[in-house]
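I opened my notebook beside the model today and jotted down what I looked up. Come along and check the entries as you read.

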Amino acid sequence: MFEGGGVKGIAFIGALQVMEEHGYTWKNLGGTSAGSFVAALLGAGYKSGELRPVFERLDYLHFLERRGLGRLPVIGPLYELFVRQGMYRTNRIERFMDELLRKKGIRTFGDLPPGKLRIIASDITAGKMLVLPDDLVQFDIVPEEFPIARAVRMSCSLPYFFQPVRLQQNGEPHYIVDGGLLSNYPVWLFDVPGKPRWPTIGFRLHSKRVEREAYRIRGLFSFTRSLITTMLDAHDRLYVERAQAVRTIFIPTLGVRTTHFGLPPELRAALIRSGEEAARQFLAKWNFEQYVEVFRSIPPGPNKKTGCLV
């Protein structure tokens, strides 16, 4: 599982590069929020070497789109927030992802093998987590016909910051936002009963308490931002700690915040190196037998280097 984490997700590229160098390939993939970016692109056939220059040059500020009255200083963001439930639009996120997917001949979930890709989003109208494309049938949508880029857009819609995507169910609008709101790291997503054919490996962005600078609460907006960021970071932490981290690659995020859209080149490079080192440390102690003992209690199968990346 690729965890959500905004701009910090560039660290996944370094970790993936090391895993690929050691012969790992991915049968199924899944991701939340920023993690859905990487999962979708890997599912389309990209390798870490192709993704690295894309994310090294990516202008994250380009995604902060406002139009019309939304461009006005001070008043503009408040207008967008109250009228469209988010300060920034997400059209550019969808276009960016769609362009990259089309280069690999991929557009909809039907262009991938069944079960290849799962993306997490949150339906705040119904108050439940969505696993896409499976749960699209609840909205009378044919899962195979749904654009992957739109699912990524839905999973990345950080509440208040980005505007939600609306789907209709029984004539009523349902607001779909960032998957991390309900589960930022559902590493259990590809678990199956009985003997596993391959391990499930999760990639998690790890922020130590000493690394993160304290937020300054100066009003409703800063309070809400701090609340959401804290929730996204801590939501699945207890589960991961209890699981003894046997299948999780913890990547230190060097104090970088989720919404640091002006991420400079030196920090991008440092995050990629952090991902590389985290993967090396994981592989140094990785043991498939221990994995099976902890999660399955059944003797391991022969295929130990094909992963399920959730």
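**Entry 1: F282.** I began with F282, which I found in helix α9 (residues 265–285); helices here are DSSP runs of H or I with at least four residues, strands are E runs of at least two, and both are numbered from the N terminus. This is a predicted model, where local features need pLDDT of at least 70 and side-chain atom pairs count only at pLDDT 80 or more, while totals for chains, interfaces and linings use all residues. Residues are numbered from 1 along each chain as its sequence is written, and side-chain values use heavy atoms, with hydrogens and water left out.

Is F282 buried or exposed? F282 counts as buried because its relative accessibility is 3% (buried is under 20% relative accessible area, exposed over 50%, partly exposed in between, with a 1.4 Å probe and protein chains only). Leaving out residues up to four places away in sequence, I saw F282 touch M19, I201, V246, R247, T248 and I249; contact means heavy atoms within 4.5 Å.

**Entry 2: the cores.** Next I looked up the largest nonpolar core, which has 77 residues. A nonpolar core is a set of buried Ala, Val, Leu, Ile, Met, Phe, Trp, Tyr and Cys residues joined through side-chain atoms within 4.5 Å. M19, F55, I148 and F203 have the most contacts inside the largest core. Again without residues up to four places away, F55 touches I10, I13, F37, L41, Y60 and R268. I120, V131, V187 and L189 are among the seven residues of a second, separate core.

**Entry 3: strand β3.** Six of the seven residues in β3 (residues 117–123) are buried. Which strands pair with β3? Strands pair if DSSP finds at least two bridges between them.

- β1 (residues 25–32) pairs with β3 in the parallel sense over four bridges, and L29 stands opposite L117.
- β4 (residues 128–132) runs antiparallel to β3 with five bridges, and M129 is the bridge partner of S122.
- β7 (residues 172–178) is antiparallel to β3 over three bridges, with I176 as the partner of D123.

In the β3 and β4 hairpin, four residues lie between the strands, and G127 takes a positive phi near 70°.

**Entry 4: confidence.** Last, I checked pLDDT, the predictor's confidence in each residue from 0 to 100. The chain's mean is 82, and 82% of its residues reach 70 or more. Over residues 298–306 the pLDDT is below 50, though this stretch has 28 contacts in the model beyond near neighbours in sequence. Where pLDDT is low, the predicted coordinates should not be read in detail.
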